[in-house]
Amino acid sequence: MEYKYELHCHTGAVSRCGRVEPEKIVEMYVEAGYNGIVVMDHYSPMTFPIHRLACPQKAADFYLSGYRRMQAAAPEGFTVLLGMELRHYWTANDYLIYGVTEDFVKNAGNLMNVWEPGVKALCEQNGFLIYQAHPFRVGIRRTDPKNIDGVEVYNGKTDDRRNAQALAWAKENGKLMVSGSDFHTPEHLARGGIITKKPIQNNAELLTILKNSDFRLINVDL
């Protein structure tokens with residue numbers, strides 16, 4: 001048996017650019033044959049009210065609300081995991097962080113104010129993995145490869161040419177790879193993700209599978 005997981009999904013409850021509520025997202029992905037989702041709501045200046053931009057951790061319950069609602073709506077056997085798409089101040093770069101916990105969101109301080117080497121160090125300390133998202137989109141600056149564990153080599157909202165460039169860059173630098181739909185609207189449904197031979201029930205299992213590259217990438221020909 002095989003299992004299919006979405007690794008890049010935004011909810012309309014938290015991400016301002018999201019257009020679908022968490023409960024509906026679960027319904028849509030179950031119907032599409034997926035076995036789980038990693039919620040990657042934006043942790044960025046676009047997300048938090050202006051009075052929380054300096055202390056986004058004080059709005060942690062808001063940030064976690066999309067994930068919590070999706071978890072509550074998930075039927076038995078459908079896995080919902082917490083992730084994060086982080087953007088720092090004064091940049092268009094986005095980073096996908098896998099393994100994130102609610103306690104980390106509440107206690108890490110202002111992650112938008114921690115530059116890439118510092119975020120990589122935090123991820124290492126906590127056992128998380130960090131990937132640069134859609135690294136060849138217009139306006140994106142490729143980070144120093146030492147600041148990331150991997151690269152999003154397929155993004156459902158990015159054109160084929162730029163996805164191919166991301167794949168080549170990941171291979172050139174020996175980085176881990178992921179695929180994701182970058183779901184924001186119904187049109188983005190089920191464009192990416194991974195297919196595994198084992199079910200993923202928690203972040204520890206996800207991290208092990210990602211580290212070992214024990215999966216097939218959806219819409220990526222290696």
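Helix 2 carries a kink of about 35 degrees, centred on Gly66. The bend at a residue is the angle between axes fitted to the seven residues ending there and the seven starting there. Helices (H or I, at least four residues) and strands (E, at least two) are DSSP runs, numbered from the N terminus. The model is predicted: local features need pLDDT of at least 70, side-chain atom pairs count only at pLDDT 80 or more, and totals for chains, interfaces and linings use all residues. Residues are numbered from 1 along each chain as its sequence is written, and side-chain values use heavy atoms, with hydrogens and water left out.

Helix 2 covers residues 60-73. At 1.5 Å a residue, its 14 residues should span 20 Å, and its end C-alpha atoms are 20 Å apart, which agrees. The expected span is 1.5 Å times one less than the number of residues. Ala60, Tyr63, Leu64, Ser65, Gly66, Tyr67 and Met70 are the buried residues of helix 2. Buried means under 20% relative accessible area, exposed over 50%, and partly exposed in between (1.4 Å probe, protein chains only). An α-helix has 3.6 residues a turn, so residues three or four places apart point the same way. The buried residues of helix 2 pack against several elements. These are strand 1 (3-9), helix 1 (22-31), strand 2 (36-39), strand 3 (42-43), strand 4 (79-86) and helix 3 (102-107).

Ala60 lies in helix 2. Its relative accessibility is 4%, which counts as buried. Neighbours within four places in sequence aside, Ala60 is in contact (heavy atoms within 4.5 Å) with Val105 and Lys106. Ala60 and Phe48 are 12 residues apart in sequence, and their C-alpha atoms are 9.7 Å apart in space.

Aromatic residues were examined next. The structure holds 8 aromatic pairs. Rings of Phe, Tyr and Trp (its six-membered ring) pair if their centres lie within 6.5 Å; planes under 30 degrees apart count as stacked, over 60 as edge-to-face and the rest as tilted. Tyr29 and Tyr34 have ring centres 4.9 Å apart and planes at 90 degrees, so the pair is edge-to-face. Both Tyr29 and Tyr34 are buried. The rings of Tyr43 and Tyr63 are also edge-to-face, because their centres are 5.4 Å apart and their planes are at 75 degrees. Tyr43 lies in strand 3 and Tyr63 in helix 2, so this pair ties together parts that are 20 residues apart in sequence. Tyr43 is buried, at 1% relative accessible area. Tyr63 is buried as well, at 2%. Tyr29, Tyr34 and Phe183 form one aromatic cluster.

Several loop residues follow. Asn35 lies in the loop between helix 1 and strand 2. It is buried, with a relative accessible area of 17%. Residues up to four places away in sequence aside, Asn35 touches Glu2, Tyr3, Lys4, Tyr5, Gly77, Phe78 and Thr79. Lys157 is placed in the loop between strand 7 (150-155) and helix 5 (160-172). Lys157 is partly exposed, at 38% relative accessible area. Neighbours within four places in sequence aside, Lys157 is in contact with Arg137, Ser181, Asp182, His184, His188 and Arg191. Lys157 and His184 are 27 residues apart in sequence and 9.3 Å apart in space, C-alpha to C-alpha.

Asp182 sits in the loop between strand 8 (176-180) and strand 9 (194-196). Its relative accessible area is 2%, and it is buried. Phi of Asp182 is near 55 degrees, a positive value in a residue other than glycine. Ser213 likewise has a positive phi, near 50 degrees. Ser213 lies in the loop between helix 6 (203-212) and strand 10 (216-217), and is partly exposed at 40%. Most residues other than glycine have a negative phi.

The protein chain as a whole has 6 helices and 10 strands. Its radius of gyration is 16 Å, close to the 17 Å that the globule rule gives for 222 residues, so the chain is as compact as a globular protein of that length. The radius is taken over C-alpha atoms; the rule is 2.2 Å times the number of residues to the power 0.38. Buried residues make up 57% of the 222 residues.
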